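Q: Please take me through the reading of a helix and of a sheet in a model of this kind.

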Amino acid sequence: MRILAIESSCDETAAAVVEDGRKVISSVVATQIERHKVFGGVVPEIASRMHAECISQVVAETLDKAGCTVDGMDAVAVTAAPGLIGSLLVGVSFAKGLSWATGLPLIPVHHLRGHIAANYIAHEGLKPPFLCLVVSGGHSHIVEVKDYTDLRVIGRTRDDAAGEAFDKTARALGLPYPGGVNMDKLADEGDRSGYSFPKPHIDGAPYDFSFSGLKTAVINTIHNMEQKGQQPPVADLAAAVRGSVVDVLTERFLLAAKDTGYKRLAIAGGVSANSELRRRMTELCEKEGYELYIPPLSLCGDNAAMIGAQAYYEYLAGHRASLELNACATMEIGSDFDCLL
């Protein structure tokens with residue numbers, strides 16, 4: 001079964017042709033990084049306009065690389081939630097138009113389910129059940145993947161997501177956008193030992209995260225040094241921030257794995273590209289005897305291949321959308337799309 005998938009939840013316009021949920025025939029991603037760099041972050045209005053400008057070209061290029069036309073597809077899939085509402089609407093509207101014009105089934109996909117499904121592409125042997133740490137700029141979840149379309153969140157951030165904490169502290173350190181990526185590179189040159197940032201625990205919720213206090217502590221540290229006429233040691237602070245965030249993520253994730261009894265673990269989302277998180281999780285899982293699955297760097301960020309992978313399993317589960325499908329900025333990962341129809 002071949003699915004044409006579309007992803008436009010934030011600032012990447014992407015399309016892909018995916019076969020049977022595991023094989024990527026073609027994948028195209030048009031990034032907006034250079035356009036948003038001057039603002040230090042994604043500007044939603046600009047993002048949605050750029051999606052509208054290039055989505056037709058991206059889809060056409062994807063089909064051309066796959067060596068087929070829309071007539072050769074069995075379904076159209078699209079990210080319908082969560083994300084920037086203007087960006088989502090561009091992709092949803094385009095996919096609905098294709099479905100209407102061709103008569104192909106329309107499959108709505110949850111963005112975070114897509115990130116988890118990136119591991120299905122990279123690891124043919126990975127099948128539910130397993131426990132997944134989903135970490136990105138907007139989300140930090142520990143998800144129990146009972147089946148391909150049966151997922152339950154058992155831990156989440158109470159405020160900032162891990163990626164958001166990286167981006168905001170990177171901006172405070174004067175690093176260019178995208179902050180998280182540049183902080184990760186610089187942190188390799190630093191020494192974290194001179195700084196200790198908060199790692200709060202949530203009473204009654206041992207698997208939950210909180211990163212807002214860390215962000216505030218970093219900003220206060222920088223301001224105090226500047227007020228004293230001192231130059232903040234950017235590399236050392238970057239190493240300390242990265243180390244503190246990874247400490248929290250690994251600690252809570254492995255605690256959840258121990259308590260729930262899962263031996264098969266996965267990481268997904270944009271922050272799964274973080275070199276320290278990948279290194280630390282690999283070492284800890286080898287030591288504790290867990291199977292660990294991490295997507296390659298090419299599948300960590302937003303892409304349509306992961307949407308096509310998850311769409312296959314949504315299709316098998318009987319999940320379809322009518323042309324009344326709407327987009328939604330927020331939605332629980334375990335929810336269906338009935339509320340958008």
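Q: What covers the buried residues of α3?
A: An α-helix has 3.6 residues a turn, so residues three or four places apart point the same way. In this predicted model, the cover of the buried residues of α3 includes β1 (2-7), α2 (44-66), β4 (75-81) and β5 (106-110); contact means heavy atoms within 4.5 Å. Local features need pLDDT of at least 70 and side-chain atom pairs pLDDT 80 or more, while totals for chains, interfaces and linings use all residues. Residues are numbered from 1 along each chain, and side-chain values use heavy atoms, without hydrogens and water.

Q: Which residues of α3 are buried?
A: Among them are Leu88, Val92, Ala95 and Ser99, where buried means under 20% relative accessible area with a 1.4 Å probe, protein chains only.

Q: In what order do the strands of the open sheet lie?
A: Strands of a sheet pair through backbone hydrogen bonds, either parallel or antiparallel. Here 5 strands follow the order β8-β7-β6-β9-β10, with mixed pairing; two strands pair if DSSP finds at least two bridges between them. At the edges, β8 (150-156) and β10 (291-293) each pair on one side only.

Q: How many bridges join β7 and β8?
A: Strand β7 (residues 140-147) pairs with β8 over 6 bridges in the antiparallel sense. Val143 has Val153 in β8 as its bridge partner.

Note on methods:
Buried < 20%, exposed > 50% of the residue type's maximum accessible area, 1.4 Å probe, protein only. Helix = DSSP H or I, 4+ residues; strand = E, 2+ residues; numbered from the N terminus.
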